[in-house]
Amino acid sequence: MSAPPPTEPFAGRAYKEGFHDDIKTLKSVPKGLSHAVVDYMCDVKGEPNWMREFRHRSLDLFLKQGIPEWVPGLRDEFHYDEFTYYVSPVEKSSRRWEDVPEEIRRTYDKLGIAKEEQKLLGGLGAQIDSEMAYHNIQESLAKKGVIFLSCDDGMKQYPDIFRQHFAKNIPPEDNKFAALNAAFWSGGSFVYIPKGVKCDIPLSVYFRINAEQFGQFERTLIICEDDSFCHYVEGCSAPIYTTNSLHAAVVEIYVKERARCRYTTIQNWSTDVYNLVTKRSMISAKGVMEWVDGNLGSKRTVKYPSCYMIGEGAHGEVLSLASADKGMWQDAGAKLVFLAPNCSGRINSKSISGHGGRSSYRGLVQVARNATGCRAQVNCDALILDPHSRSDTYPTMEINGDLATIEHEATVSNVSDEQLFYLTSRGLKKEDAVSMIVNGFIEPVVKELPMEFAVEINRLIGLQMEGSVG
Amino acid sequence: MNLDAQRALAWQTYQRLPLPSRRDVEWQRFDLRALNLNEIEKRPQSVRVSLNSAPGVTLVPLVDQQPIGRAIPPDEPNKFAALASALWRHGAFLRVPAGHKADRPIEITCEFTGANAVAFPRTLIVLEPGAEATLVQQFTGPGDGVHASLTEVFLEEGARLHYVSFQNLAPGALDFTLKRAHVARNAEIDWVVGMFGGSLTRYDVQCIMDGEGGNSFIYGAGVVDDRQQLAQFTRQHHRVGHTTSDLLFKNVLRDRAATNYAGIIKVEKNANGTNAYQSNRNLVLDKTVQCDTRPILEIESHQLRCTHGATVGRLDENQLYYLRTRGLDDTTARNVLIEAFLDPVLARIQVESVRQEFAEIIHRKVLK
């Protein structure tokens, strides 16, 4: 296989979500972060005092904390003062699609998050910039007691459940970006599945950044009570600007006893978005947590969905797919932390680097001394498509005691000449052959996605593959 | 750079570098705070180096031979390597002339003798083009205190070295070792490393693939018990393509011992045709131990294949059961499985007497 020409073989992949709409801003703050911005947000949102104090404390923590040394390169790439921390184009989150302002509806129509799609979903949320424009749930699920609201509304309508769980899993002390989120959080989802309720149609939320040089800090809290089930799906996109935007989300999940939660992400930010996300689940006895994490966009992603197994027999699983194209660095991975006996966990990571992109797998498997009889299996496979790209694997395993069985395996390779030769000798065109090999490579992750997303991923990867064979 | 200048630069480097702290990922399990390095330059050095040569090769005490300091420069960013570069007094120099095949194993033995002393043995190994040799290097002795050794290996074009190196220092020794091999075009190193002694040991084993067609096989066995701490760092650095490196480090831990393996495969840009494998397998024998492993790949080239794996596990109950049904008692069954676990490393040793010695050390430490 001959390598593509040395410079810009083609201008990255086509990013059809890169458009920008003129949407009237109703509320916003001046650029930069300050305690005054925090006060403004508390005022317009009408938040209780404890939240105001929490936000101020978090901002202080953010200013004090440094970026961990192993997070590559972020220190000097941007200044926190170049972003706007709160921009709201809506008055409040609507329950009827017709009540959403027309210009926002138009944006969502263009993205294909139309009303019709709601038929396939148990609930749909749509966030634009700082606020949720729309949040609704099917009547049948609401009747069973399922709560699906914007996180702000969750705080107001269910203060007890909210306060019992909010920031208990990821406190602002956890890391610099969690503190940043805690200070400026706005939007995101609040999901509560009562005991024994199986919410078998997915709840979906779409996050859109429209403003320029903007920081989006949504916060999601999912509580699955004993024996319940839910599948939460999120997607995201942003316009292409010449300046950077920042997306620092926090997702906290509680999987109670014997409950199961699946959280699917299709991250497709434009290549000027820094995506620095903290996602963590606490899994009680015999609970099951599944993260399906697809990272296809952004300038830089730093995200390691985590499973903390705190009850006996808990199971945590992370399927991670990263595709680093031109101008992207996907620093993705996963964490499994075993704190109770007889738990199991699995990480399956697939990454593709092409057109000068860089993808890294960074992972942690940690076993506490009393967590006897735990098993963890980690598989990482990476494909490098051309000589301008890079792939790294940084796994860490810390095992105390002798009663765990831990395995890690990783492979980095290219699309081999033998594979191509075989497929082309069967009459396939070279591009189709490469595409087939890549699709086969990501198949174990893609097959776990809901149908519409699987189709979307195949389309995105397909676009990325164009021009990769000379 | 002459030797005096090297020593001066190394001493500067040593003083500039901070003592590794627990915040340093590679050292996070190891507490060096109790280590006293005050006036270390004034402490007595007690090393006895014995050499056992083969016909046709040069094996002499290391004085100022070339190319000393070229693989491990005096400003190597490693506090203990810089310390050894500055203060070493004893060592060995091996040169195998071009095309010569040494017909019996060459031996270098460094004995650490004094109590509360220091030792900085340094070794320089050069195999000229087409040369072949087998080298057995051992670090042993009853001494305690700080032991920091450096070994530089140069395999010139087409040279082949079977290199067995092991450390079996006394329990009080703190050992900091750096070994780096440069492998030129079509050269091959077949390397076995044994890590057994010392209360705190850091072993740095590195191969730099400098020429096409170069091969490197590195096999390591670490056996630790009784609160021993063993940190291993390996590096397979592919500077050019069409090179192969294969690494397997196996550790057995018991009785409050701790190991921390960190290894990296680094493939530079355009090193196409690299084939690299890295594996770290750990067998933990009781629940008092701690075992960390961190295998890393950094790949900037695309026509290649790099794979790594790491495992931590205990003896398999089913295998033990099987052996017991065949009439073996519990202890024997365990011993058989532990020996079998380490066998892929021991089997690489081509010198029968040395393989015996490995087996005896392992027997003393972990078999009952």
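Which residue takes a positive phi just after H3(A)? That residue is Gly112(A), with a phi of about 80 degrees. Hello everyone, and let me use that helix as our way in.

A quick word on the ground rules. What you see above is a predicted model, where local features need pLDDT of at least 70 and side-chain atom pairs count only at pLDDT 80 or more, while totals for chains, interfaces and linings use all residues. Residues are numbered from 1 along each chain as its sequence is written, chains are lettered from A and ligands numbered from 1 in the order in which they are written, and side-chain values use heavy atoms, with hydrogens and water left out.

Back to H3 of chain A, which covers residues 102-111. Helices (H or I, at least four residues) and strands (E, at least two) are DSSP runs, numbered from the N terminus. The buried residues of this helix are Ile104(A), Thr107(A), Tyr108(A) and Leu111(A). Buried here means under 20% relative accessible area, exposed means over 50%, and partly exposed is in between (1.4 Å probe, protein chains only). Looking down the axis of H3(A), you find its buried residues within an arc of 90 degrees, so they line one face of the helix. That arc is taken from the directions from the helix axis to the C-beta atoms. And what covers them? The cover includes strands S3 (123-128), S4 (131-137), S7 (198-208) and S10 (229-237) of chain A.

Next, the nonpolar cores. A nonpolar core is a set of buried Ala, Val, Leu, Ile, Met, Phe, Trp, Tyr and Cys residues joined through side-chain atoms within 4.5 Å. In soluble globular proteins, nonpolar side chains tend to be buried together. The largest core here has 118 residues, and Phe338(A) and Leu161(B) touch the most other members. Its largest share, 5 residues, comes from strand S22 of chain A, residues 375-384. Apart from this core there is another one, of 35 residues, including Phe93(B), Phe120(B), Leu124(B) and Leu200(B).

Let's stay with Phe338(A) for a moment. Contact means heavy atoms within 4.5 Å. Beyond its neighbours within four places in sequence, Phe338(A) has contacts that include Met309(A), Cys343(A), Val365(A), Val367(A) and Arg375(A).

You can find Gly401(A) in the loop between strands S23 (390-400) and S24 (405-413) of chain A. Is Gly401(A) buried or exposed? At 3% relative accessibility, it counts as buried. Leaving aside neighbours within four places in sequence, Gly401(A) is in contact with Arg369(A) and also with Val284(B), Asp286(B), Lys287(B) and Val289(B).

Another loop residue, Glu47(A), sits between helix H1 (35-45) and helix H2 (49-64) of chain A. With a relative accessible area of 8%, Glu47(A) is buried too. Not counting residues up to four places away in sequence, it touches Cys42(A), Arg55(A), Asp152(A), Met155(A) and Trp185(A).

On a 1 Å grid over the protein atoms alone, a cavity is a set of points where a 1.4 Å probe fits but cannot get out, and a pocket is an open set with protein on both sides within 12 Å along at least five of seven lines; lining residues have an atom within 4 Å of a point. The largest pocket has a volume of about 1,500 Å³. Of the 42 residues lining it, Pro68(A), Trp70(A), Val71(A), Arg362(A) and Val25(B) lie nearest its centre. Strand S14 of chain A, residues 273-283, gives the largest share of that lining, 5 residues.

The largest cavity has a volume of about 80 Å³. It is lined by 14 residues, and Glu234(A), Cys236(A), His247(A), Thr265(A) and Lys279(A) are the closest to its centre. Grid points are joined across faces, edges and corners, and a volume is the space filled by probe spheres set on the points.

Last stop, some backbone details in chain B. A cis peptide bond joins Gln66(B) and Pro67(B), with omega about -5 degrees. Asn186(B) has a positive phi of about 55 degrees although it is not a glycine, and it is partly exposed at 43%. Asp226(B) is not a glycine either, yet its phi is positive, about 45 degrees, and its relative accessible area of 49% makes it partly exposed.
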